[in-house]
Amino acid sequence: MFNLAVPDMLFAKVEVDGRPGYEVELCTPEPGVVGTSGGADIVIRSGLDAVERADTVIVAGTGSRADPDPRVLAALRAAAAAGKRIASICTGAFLLAEAGLLDGRRATTYWTYTGEFTERYPAVDVQPDVLFVQDGPLVTSSGYAAGIDLCLHIIRTDYGAAVANSVARHALVAPVRPGGQAQFTETPLPAETGTSLAETRAWAMTRLDQPLTLTDLARHAAVSVRTLTRRFHAETGLSPLQWLLHQRLERARELLETTALPVDLVARASGLGTADSLRQHLLRRVGLTPSDYRSSFSRLTAV
């Protein structure tokens with residue numbers, strides 16, 4: 001049920017110029033009452049003809065990974081042949097692989113099942129330690145909450161960082177995280193001591209335009225640099241400097257989308273220094289220059 005609720009909740013919150021950005025439709029081979037692993041039944045009204053109408057098809061995690069419905073596989077193959085964007089959450093990747101859509105592509109799934117997935121589908125380039133990965137029109141995420149990151153990634157791809165981050169704020173979830181961030185696996189975490197670095201991250205977010213060093217962050221958190229680095233990685237999956245760079249790029253993207261500031265001022269306001277530095281980082285992250293990104297995603301009304 002969680003796998004189904006995440007896309008429905010997040011895409012339904014997208015508004016562009018006062019209008020819905022998406023129409024979400026749930027479908028199943030046999031419309032009607034459908035059981036879930038959560039012990040509650042749900043009612044699905046649409047059949048697989050909804051896949052034909054869709055621009056993007058998302059396969060939720062499934063308990064039927066060992067015996068997928070042939071009708072679902074046929075619908076997925078037809079969608080791929082029609083050039084639709086296709087995504088999966090959690091074990092939904094098994095259906096994409098069974099349909100042959102992931103052969104020769106990079107993909108991920110819930111870390112508990114990566115061994116099984118690799119053995120069953122050796123033609124897939126499995127990425128076991130990421131939140132989500134996109135290879136062409138195919139996007140796959142790891143387990144459960146990583147589906148949130150996948151949906152926000154799709155929203156950001158379609159409508160830009162400002163819209164995606166707005167959805168994240170309304171849904172009270174973390175802003176868009178890079179897909180390469182590690183999954184949370186059974187690695188022992190430090191004991192909870194009430195000294196989370198959330199306040200330090202919030203403090204840093206208000207100072208992205210200022211030089212921030214590891215020493216500055218450690219001083220605010222009242223810990224050593226070594227402890228800061230260890231806890232930061234445990235809480236975010238990233239080093240402090242990687243996290244700062246990601247947040248600065250997100251700030252730059254929002255400014256490019258929502259203001260007419262010159263690129264050099266965007267770079268300074270986001271803490272990336274110079275226009276050349278912003279250009280290099282943005283090219284590496286999204287493959288677009290600042291001017292190309294602005295022309296593609298600007299939310300300013302043309303006059």
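Colleague: Is F117 buried or exposed?

Modeller: F117 counts as buried, because its relative accessibility is 0%. Keep in mind that this is a predicted model.

Colleague: OK. And what about F94, buried or exposed?

Modeller: F94 is buried too, because its relative accessibility is 0%. The rings of F94 and F117 form an edge-to-face pair, because their planes sit at 90°, with the centres 5.0 Å apart. That pair links distant parts of the chain: F94 belongs to helix 4 and F117 to helix 5, 23 residues apart.

Colleague: How many aromatic pairs does the structure hold?

Modeller: There are 9 aromatic pairs. Another one joins F94 and Y113, with ring centres 6.4 Å apart and planes at 85°, so that pair is edge-to-face. It also links distant parts of the chain, 19 residues apart: F94 is in helix 4 (residues 92–98), while Y113 is in the loop between strand 7 (106–107) and helix 5 (114–120).

Colleague: How accessible is Y113?

Modeller: Y113 has a relative accessible area of 23%, so Y113 is partly exposed. The cut-off for buried is under 20%.

Colleague: Which residues form the aromatic cluster?

Modeller: One cluster is formed by F94, Y110, W111, Y113, F117 and Y121.

Colleague: Nice. Switching to helices: at what angle do helix 6 and helix 7 pack?

Modeller: Helix 6 (residues 146–159) and helix 7 (residues 161–170) pack at about 145°, and their axes are 7 Å apart. Their crossing is right-handed.

Colleague: Which residues make that contact?

Modeller: On the helix 6 side you have L152, I155, R156 and Y159. Helix 7 brings A161, V163, A164, V167 and A168. By class, the contact has 8 nonpolar residues, no polar ones and 1 charged.

Colleague: What does H153 touch?

Modeller: H153 lies in helix 6 and touches F132, Q134 and V139, leaving aside residues up to four places away in sequence. H153 counts as buried because its relative accessibility is 12%.

Colleague: Is D17 buried or exposed? And C90, buried or exposed?

Modeller: D17 is exposed, because its relative accessibility is 62%. C90 is buried, because its relative accessible area is 5%.

Colleague: How about R226, where is that?

Modeller: R226 is in helix 10 (residues 225–236). With a relative accessible area of 74%, R226 is exposed.

Colleague: How many Å apart are R226 and D49?

Modeller: Their C-alpha atoms are 55 Å apart in space, and the two residues are 177 apart in sequence.

Colleague: One more thing before I go. What pLDDT does the chain average?

Modeller: The protein chain averages 86, and 90% of the residues score at least 70.

Colleague: And where does pLDDT stay under 50?

Modeller: That's over residues 180–194. For that stretch the model has 29 contacts beyond four places in sequence.

Methods
Residues numbered from 1 in each chain as written. Predicted model: local features only at pLDDT ≥ 70, side-chain atom pairs only at ≥ 80, totals over all residues. Heavy atoms only, no water. Axes fitted to C-alpha atoms, helices over the stretch in contact; angles between N-to-C directions. Helix = DSSP H or I, 4+ residues; strand = E, 2+ residues; numbered from the N terminus. Left-handed = near helix turned anticlockwise from the far one by under 90°. Contact = heavy atoms within 4.5 Å. Nonpolar A, V, L, I, M, F, W, Y, C, P; charged D, E, K, R; others polar. pLDDT = per-residue confidence, 0-100. Phe/Tyr/Trp six-rings, centres within 6.5 Å; stacked < 30°, edge-to-face > 60°. Buried < 20%, exposed > 50% of the residue type's maximum accessible area, 1.4 Å probe, protein only.
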